[in-house]
Amino acid sequence: MTHHRTLKVLGLLSAVCLAAFLAMGVVADSKRIDIEPETGLLKAPMKVYKSDAASGGKCVGTADKIVPQGQECGGTVKVTFTVATSGNYIFWGRAKWLDDCGDSFYVQIDEGQKRVFGEHGTEGQWKWFKLTGAKFNLSAGTHTLYIHGREDGALLDKVILLHESNGYVPQGKSG
Ligand SMILES: [Ca+2]
């Protein structure tokens, strides 16, 4: 194969790859991190539930009434993720709250403070909620996200971490 022809073939391959990439709807965004909690390492009573309405067909959470009212249910989901662009990140979670006694989790990144996610908003339907009052300062590289059980009956489908310069508001199943 001549050098010229090799270049032509390589060019064609790149074009095909790019077209396939675009057709998949994959948009490379170094300021957005998508996390499916059901892919993480689970500690009981946190478990994976199947749901057609959930991104990837699955979500995590606990059953209802597994602990007396007012007591935290515990359990953990641990997921590692990679940050490409360092900075302050906003936490978004697609959750379905059971009732006002089943509408929160704790969110923690690495060895940071545990933050309450939830305690607000619509119950009984999948919806994107933003963690208010805190952003996570993340360096480029690998980090660990922990979702800790707080109120039983709460479900979490998907997490998106958005760089504070990215003003996007997640919508729908995939966000
Ligand atoms: Ca999911």
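**Contacts, core and backbone of a predicted model**

User: What does Thr80 touch, not counting residues up to four places away in sequence?
Analyst: Thr80 touches Thr142, His143 and Thr144. Bear in mind that this is a predicted model.

User: How far apart are Thr80 and Thr142, in sequence and in space?
Analyst: They are 62 residues apart in sequence, and their C-alpha atoms are 6.8 Å apart. Thr80 belongs to strand E5, residues 76–83.

User: Thr80, buried or exposed?
Analyst: Exposed, because Thr80 has 12 C-beta neighbours inside 10 Å, and the cut-off for exposed is 12 or fewer.

User: New topic. How many residues are in the largest nonpolar core?
Analyst: It has 28 residues, and those with the most contacts inside it are Phe91, Ile147, Leu156 and Leu161. Elements giving two or more residues to this core include strand E4 (58–61), strand E6 (87–96) and strand E11 (141–149). The largest share, 6 residues, comes from E12.

User: And which residues is Leu156 in contact with, leaving aside neighbours within four places in sequence?
Analyst: Among them are Pro37, Cys59, Phe105 and Ile147.

User: Backbone next. Where is the cis peptide bond?
Analyst: It runs from Ala44 to Pro45, with omega near 10°. Pro45 sits in the loop between strand E2 (41–43) and strand E3 (47–50).

User: What about phi of Lys65 and Glu119?
Analyst: Lys65 is not a glycine, yet has a positive phi of about 55°. For Glu119, phi is also positive, near 60°. Most residues other than glycine have a negative phi.

User: Where is Lys65 found?
Analyst: In the loop between E4 and E5. Lys65 is partly exposed, with 13 other C-beta atoms within 10 Å.

Note on methods:
Residues are numbered from 1 along each chain as its sequence is written. This is a predicted model: local features need pLDDT of at least 70, side-chain atom pairs count only at pLDDT 80 or more; totals for chains, interfaces and linings use all residues. Helices (H or I, at least four residues) and strands (E, at least two) are DSSP runs, numbered from the N terminus. A residue is buried if 20 or more other C-beta atoms lie within 10 Å of its own, exposed if 12 or fewer, and partly exposed in between; C-beta atoms are placed from the backbone. Two residues are in contact if their C-beta atoms, placed from the backbone, lie within 7 Å. A nonpolar core is a set of buried Ala, Val, Leu, Ile, Met, Phe, Trp, Tyr and Cys residues joined through C-beta atoms within 7 Å.
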